[in-house]
Amino acid sequence: MPEPLPSQEITTRTHTAEILANARRDTERYGLDEIFIVDVDSHHAELNSWRDIIGYVEDPVLRDTAEQMMVHRPQAGQLALSNYKAGLAFQDAGSRIPHQSGLAEPVPVDGNPRDVELVRRAMDAMSIDVQVVFPQPMLEIGLHPEPGIAVQLMKAYNRWFVEQILPGDPRIKTMLGLPFEDPAACVETIREFGDHPDVIGFLVTSQRHAGVHRNEYLRIYAELEERGLPLGFHAGPSWQDSMTATMNRFLSVHAMSFVTCNMTHLTNWIVNGLPERFPGLRTIWIESGLAWIPFMMQRLDHEYLMRQSEAPLLKQLPSDYMRQMYYTSQPMEITDLKLLEATFHAMDAENTLLYSSDWPHWDFDVPGRVMSIPFLDDTAKRNILGGNARKVFGL
């Protein structure tokens, strides 16, 4: 492990351990090597391997179409068939946050994809024992204008990730994205990969215009419940919906769209009684922060108590169901400790909150963020950093 330099320029080629030098200092400060830490939300750059992923597309015509795009349109080498949104490039703040722009540091050629080594470096730097790794632009696949292509790309990515990335290190886990445009394909995906030891759950990418309560999805939830596998809803940005299209800054879009997509799905999930229909299915709400949770508890309780006939399956208050769900911690809104403490109390964070770094995104949180919260005792910190995840995923 190289020693961090006292002052240096950080570029896209800087070693991950040097970018995360402060995280290593936290390890010594808080004794993190003695704590079981699970990072439930991190990312790798799948577009850097796009040519390989396209090779996994099952439909030969679609696969050839993508390959011809990449041959004849050089700039399509990392984008063919995808619905990558140019607005996402604003995340690196005009390239002032290099690790968001890209991790272009040298990596030894050892037969593993470079993403495996990059994930290892992040885990070592942050003292993480298990890291759940997700893609990035693929999380917007629910907004793809052609549902058939979206299904093919998600299936290709899943197979590539399982075959190429997961074997690289037993500490790397994932929740595979479901090809949600095709419920039958979702069930096939669960049956194909559900027994893989490093596939510890499945995922709905939340940026999509689909009611998750619709009847055609119920067999998906039944399959997951029967297998004891959790279902995650991973938020993402969109600058194209009817609300965010009015916004003129990425700050505004980021503040709202990462939250509203999960607010919508959670509302449909609860009001339509899915917690009663699938009481054994654990649900995780990912990358929406925490501030929205007490708002939703109050709002849904208030509305439900005035219009219970519209939610006849419910036997508890919406907030009670929400306290039986799980939430990832990043980005933790920590600007007002009194509000944060009230949020932790409302959601029973000691038993429902799962640490997540969101590395290498621009607004990532290191484990020291949890350790620095003054109103948490040692048991709560250990639960949030890894104990709750051990329970949810059976680690």
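Guide: A pocket is an open set of points, on a 1 Å grid over the protein atoms alone, with protein on both sides within 12 Å along at least five of seven lines; a cavity is a set where a 1.4 Å probe fits but cannot get out, and lining residues have an atom within 4 Å of a point. Grid points are joined across faces, edges and corners, and a volume is the space filled by probe spheres set on the points. This model is predicted: local features need pLDDT of at least 70, side-chain atom pairs count only at pLDDT 80 or more, and totals for chains, interfaces and linings use all residues. Residues are numbered from 1 along each chain as its sequence is written, and side-chain values use heavy atoms, without hydrogens and water.

Visitor: How much space lies in the second largest pocket, and which residues lie nearest its centre?

Guide: The second largest pocket holds about 390 Å³. Of its 20 lining residues, Leu251, His254, Ala255, Trp362 and Asp363 lie nearest the centre. Helix α10 gives the largest share of this lining, 6 residues; helices are DSSP runs of H or I, at least four residues, numbered from the N terminus.

Visitor: How much space lies in the largest pocket?

Guide: The largest pocket has about 740 Å³ of space. Its lining has 38 residues, and the closest to its centre are Ala45, Gln100, Ser101, Gln136 and Pro137.

Visitor: How many cavities of 30 Å³ or more does the structure hold?

Guide: There are 3 such cavities. The second largest cavity contains about 60 Å³, and its lining includes Trp50, Tyr84 and Pro137.

Terms used: Helix = DSSP H or I, 4+ residues; strand = E, 2+ residues; numbered from the N terminus.
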